[in-house]
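Let's take a friendly walk through this structure, from its chains to its cores and contacts. Have the viewer open as you read.

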Amino acid sequence: MHCHEIADRLIESARRELDPGRVVRAHLQSCATCRDRWDAEESLSVYVKALRFAAWEQRSSPEVRETLMRKFAAQHRPVLARWFTWSWFAPRGYWALAAAAVLLISIVAVSQKPAPRNVAAVSEPTSEVAAVSGDFSGDVSADLPVDPEAEGFIAVPFVPPLAPGEMLRVEHRELNPAALASLGVSVDPAWTTQLPADVLLGEDGMPRAVRVSDTSSDGSAPADGGSF
Amino acid sequence: MHTTDEHLFRLMKKGDAQAFAALYERREPALYRYALHMTGSAAAAEEVAQEVFVQLMAPNTRFDEAKGSLEGWMYGVARNLVRVQRRKAGAPAPVGSDSSEPSFDPNVLGRMIDGENLAALRVAVTELPDSYREAVVLCDLEERNYEEAARMMGCPVGTIRSRLHRARGLLAAKLKRLNTAAYAGSG
């Protein structure tokens, strides 16, 4: 019997821990190469067996099984029940929902908050007011009144209301009595000189309120800005 | 009465959790061990075994009884996942080199043989070419007969047999080299 003829029988015998048989044993006694192979195969079989035993009890952790069973249960839950699953109320989902709700309420609250109305709104602007507004070109002040009415400003009648969020500015200038009268300030008909005034303007340049200043550039008497 | 995998699968698809659990208990250990031997990593093996069952329960499972056994299908999925894992991991890490890996059980047989050689064999198995390694894992480590292994690997019985014999030749040679080196070192 030749070496290549018994190689398969050697390996299979070693794998199965069987006696290779009389013929093979006889060959092994006369062939050092095959004897070496037989020894190596026998040795390998022992280690392979040990490796098999070592892994035999090993398996996935119990958490894997639990996870899979939960997934399976979730997959086969009735559709309606899936909508109302507890996971909706799980911490992550809960906080996400709460955050979304707060955001939504904030947006609604901000969008519905009325714009600061420092000046009383009135209906239609008069042609006189429009004419006066076109004349404004005095100094602009950044010191806007917090409460115009309390600070002596008189609302200009018949002007359109402020748009939400519309900014106001104050201009200082000299106005003649006629212009003041057109803005709703009661003036003495005897006055002829121009009077210093603070005019509250909207972003559209329209005057929204007016206040006669205490002093004028030429030192004339102040107008009565308190009554309107 | 023994219920077939395929019957359990049909029950499982109808929502029978017990059938799914039975299938898991029956097939998970071998799938895990297969992946463990193939990848050399306990974490990868767990991931592979889990993913096989995730795919099994998926609504669009592509298992077709007419085309083969459920076990064969599961091993097919596991084989693909193992390939992905090995590509992800690059070179195979020797089992036991990571402290998170399960250590070799000190069983009776283990105490009888040299632990160093055993560790070397584990590494040598993971370093075999894929087809050889699979033959060793299925036939020698999982004790499948040639017909079963051939079905799982989708090749003729003779091919499995010759792959196994060549693989064993490589492994035996490695062990012999290791022993020779150790003997020379101690001498």
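## Overall make-up

Helices here are DSSP runs of H or I with at least four residues, and strands are runs of E with at least two, both numbered from the N terminus. Keep in mind that this is a predicted model.

On that basis, chain A holds 8 helices and 5 strands. Reading from the N terminus, the order of elements in chain A is α-α-α-α-α-α-α-β-β-β-α-β-β. Chain A has 228 residues, and 25% of them count as buried. Take the contacts in chain A between residues at least 6 apart in sequence: 72% of these join residues at least 24 apart.

## Where the chains meet

Setting aside neighbours within four places in sequence, M69(A) is in contact with A17(B) and A21(B). Is M69(A) buried or partly exposed? M69(A) counts as partly exposed because it has 15 C-beta neighbours inside 10 Å, and a residue needs 20 or more to be buried.

## The nonpolar cores

The largest nonpolar core has 61 residues, and those touching the most other members are A35(B), V52(B), A78(B) and V136(B). Helix 2 (residues 17-39) of chain B provides the largest share of this core, 9 residues. Beyond its neighbours within four places in sequence, A78(B) is in contact with L31(B), Y34(B), A35(B), V48(B) and V52(B).

There is also a second, separate core of 19 residues, with A155(A), L175(A), L180(A) and A209(A) among them.

## A helix pair in chain B

Helix 2 of chain B also meets helix 7 (residues 130-141) of chain B: their axes come within 10 Å and cross at roughly 140°. That angle is why helix 2 of chain B counts as oblique to helix 7 of chain B. The crossing of the two is right-handed.

Which residues make this contact? Helix 2 of chain B uses Y34(B), H37(B) and M38(B), while helix 7 of chain B uses R133(B), V137(B) and L141(B). By class, this contact has 4 nonpolar, 1 polar and 1 charged residues.

Technical notes: Residues numbered from 1 in each chain as written. Chains lettered and ligands numbered in written order. Predicted model: local features only at pLDDT ≥ 70, side-chain atom pairs only at ≥ 80, totals over all residues. Buried ≥ 20, exposed ≤ 12 C-beta atoms within 10 Å, placed from the backbone. Contact = placed C-beta atoms within 7 Å. Core = buried A, V, L, I, M, F, W, Y, C linked by C-beta atoms within 7 Å. Axes fitted to C-alpha atoms, helices over the stretch in contact; angles between N-to-C directions. Parallel < 35°, antiparallel > 145°, perpendicular 65-115°, else oblique. Left-handed = near helix turned anticlockwise from the far one by under 90°. Nonpolar A, V, L, I, M, F, W, Y, C, P; charged D, E, K, R; others polar.
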